[in-house]
Amino acid sequence: MAADLDMVNLLVLAGATLAIPILSFVASFLLWPSALIKIYYWYWRRTLGLQVRYADCGGYRFCYSYRGKPGFRPSILMLHGFSAHKDTWLTMVKYLPKHLHILCVDMPGHEGTTRTNSEDYSIQGQVKRIHQFVENVRLNRKPFHLVGTSMGGNVAGVYAASFPSEICSITLICPAGIRYPCETKFDNHLQDLEHSHYTLSIPLIPSTPEEMEDMLRLCSHVRFKIPHQILQGLVDVRLPHNDFYQEVFMEILGENSRYALQENLQLITAPLQVIWGKQDQVVDVSGAVVVAEALPGCRVDLLENCGHSVVMERPRRTAKLIMEFIISLGTTSGTIKNLDSF
């Protein structure tokens with residue numbers, strides 16, 4: 001009888017122990033979905049072996065994650081897009097060799113990096129700040145590979161043009177900063193915004209779960225089924241920063257930033273790769289032709305059934321393409337590849 005009671009007590013204790021994390025998860029999902037999202041990123045950084053560090057530069061602080069140490073292959077610095085953060089790259093980092101030295105930095109004013117004034121949010125201002133980061137962490141002790149997507153692609157291209165001796169190669173993923181021959185759905189939104197003197201809501205700055213869902217549909221060709229609670233969590237994480245995002249948005253649309261990449265293309269001397277989703281509704285894939293005409297030796301990889309969020313939609317393929325480019329430099333120049341599946 002005593003043994004039976006001990007067994008019952010053991011089962012009750014085990015059930016209670018399991019119930020606590022389950023109830024915590026359910027409560028977080030229902031009441032604090034934004035906390036659940038932060039835990040998700042923390043978990044994946046830890047799983048992938050990424051560590052978060054801060055670099056202090058005379059009162060200005062950069063937040064970045066990294067994995068590995070400098071070695072035979074060039075280090076890789078990744079620059080995310082507008083209103084994103086360093087964890088944007090986690091899905092792709094999963095498919096990169098673990099021995100590579102990788103750094104993912106929060107762009108100026110984003111996530112854990114210091115916010116100052118609008119001068120830092122222009123493309124040239126961001127280039128100067130990223131150069132400050134590179135010098136602080138001594139990444140430019142030898143040339144490194146630079147990757148940038150969307151706004152980060154604009155910054156990466158201008159960086160390569162401004163500091164050619166620091167860059168051994170560069171990958172631009174759906175970069176902004178070009179006069180695109182063809183218009184997109186987002187271009188139509190921009191025209192409506194300009195006509196309204198920016199009184200309408202900006203599609204890339206959602207403030208409700210419904211607007212968040214619309215933004216994801218705009219940025220991604222692949223349709224992800226996301227529960228309403230997670231959409232709410234994504235909005236809750238962004239809402240406190242929406243005024244800042246609007247300031248950055250206006251700055252990168254300004255006269256000195258909007259076409260900064262195209263104005264600097266001819267100054268890029270490092271081998272260059274362009275990766276673009278054919279169904280990009282934010283910045284049109286015709287921009288790849290503009291880059292290829294300005295730099296005939298560049299490599300262009302076009303992805304079928306893929307939109308603007310290439311890193312999220314096709315992370316494994318993107319990682320493979322970047323590694324192929326880094327390893328095979330000098331053997332793939334001047335080629336345009338249509339990569340329908342991976």
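## Exercises on a predicted model

At 39% relative accessibility, Pro-143 counts as partly exposed. The model you're looking at is predicted, so let's work through it piece by piece.

**Exercise 1. Find where Pro-143 sits in the chain and which residues it touches.**

Step 1: Look between helix α4 (123-136) and strand β5 (144-149); Pro-143 is in the loop that links them.

Step 2: Check how open the spot is. Buried would need under 20% and exposed over 50%, so Pro-143, at 39%, lands in the partly exposed class.

Step 3: List the neighbours, skipping anything up to four places away in sequence. You get Pro-74, Ser-165, Glu-166, Ile-167 and Cys-168.

Step 4: Now go by C-alpha atoms. Ser-169 is 26 residues from Pro-143 along the chain, and their C-alpha atoms are 8.3 Å apart. Pro-164 is 21 residues away along the chain, with a C-alpha separation of 9.0 Å.

**Exercise 2. Work out how α4 and α5 are arranged.**

Step 1: Two packed helices are described by the angle between their axes and the distance between the axes.

Step 2: Read them off. α4 and α5 (residues 151-162) pack at about 70 degrees, and their axes are 9 Å apart.

Step 3: Classify the angle. Values from 65 to 115 count as roughly perpendicular, so that's what α4 and α5 are to each other.

Step 4: See who makes the contact. From α4 the residues include Ile-123, Gln-124, Val-127 and Ile-130, and from α5 they include Met-151, Val-155, Val-158 and Tyr-159.

**Exercise 3. Is Asn-264 buried or exposed, and what does it touch?**

Step 1: Locate Asn-264 in helix α10 (residues 260-264).

Step 2: Apply the cut-off. Buried means under 20%; Asn-264 has a relative accessible area of 12%, so it is buried.

Step 3: A polar atom of the Asn-264 side chain lies 2.8 Å from the backbone oxygen of Ala-260.

Step 4: Asn-264 touches Gln-124, Val-158 and Ala-161. Gln-124 and Val-158 also turn up among the residues of the α4 and α5 contact.

**Exercise 4. Describe strand β4 and its partners.**

Step 1: Start with the side chains. In a regular strand they alternate between the two faces of the sheet. In β4 (residues 102-105), Ile-102 and Cys-104 point one way, Leu-103 and Val-105 point the other way, and all are buried.

Step 2: Take the antiparallel partner. Strand β2 (residues 60-67) is joined to β4 by 4 bridges, and Ser-65 has Cys-104 as its bridge partner.

Step 3: Take the parallel partner. Strand β3 (residues 76-79) pairs with β4 over 4 bridges, with Leu-77 opposite Leu-103.

**Exercise 5. Which residues of helix α8 are buried, and which helices do they pack against?**

Step 1: The buried ones are Leu-231, Gly-233, Val-235 and Arg-238.

Step 2: Zoom out. The chain has 13 helices and 9 strands, and 49% of its 342 residues are buried.

Terms used
Residues numbered from 1 in each chain as written. Predicted model: local features only at pLDDT ≥ 70, side-chain atom pairs only at ≥ 80, totals over all residues. Heavy atoms only, no water. Buried < 20%, exposed > 50% of the residue type's maximum accessible area, 1.4 Å probe, protein only. Helix = DSSP H or I, 4+ residues; strand = E, 2+ residues; numbered from the N terminus. Pairing = 2+ DSSP bridges. Contact = heavy atoms within 4.5 Å. Polar contact = N/O pair within 3.5 Å; in protein donor to acceptor, adjacent residues only side chain to side chain. Axes fitted to C-alpha atoms, helices over the stretch in contact; angles between N-to-C directions. Parallel < 35°, antiparallel > 145°, perpendicular 65-115°, else oblique.
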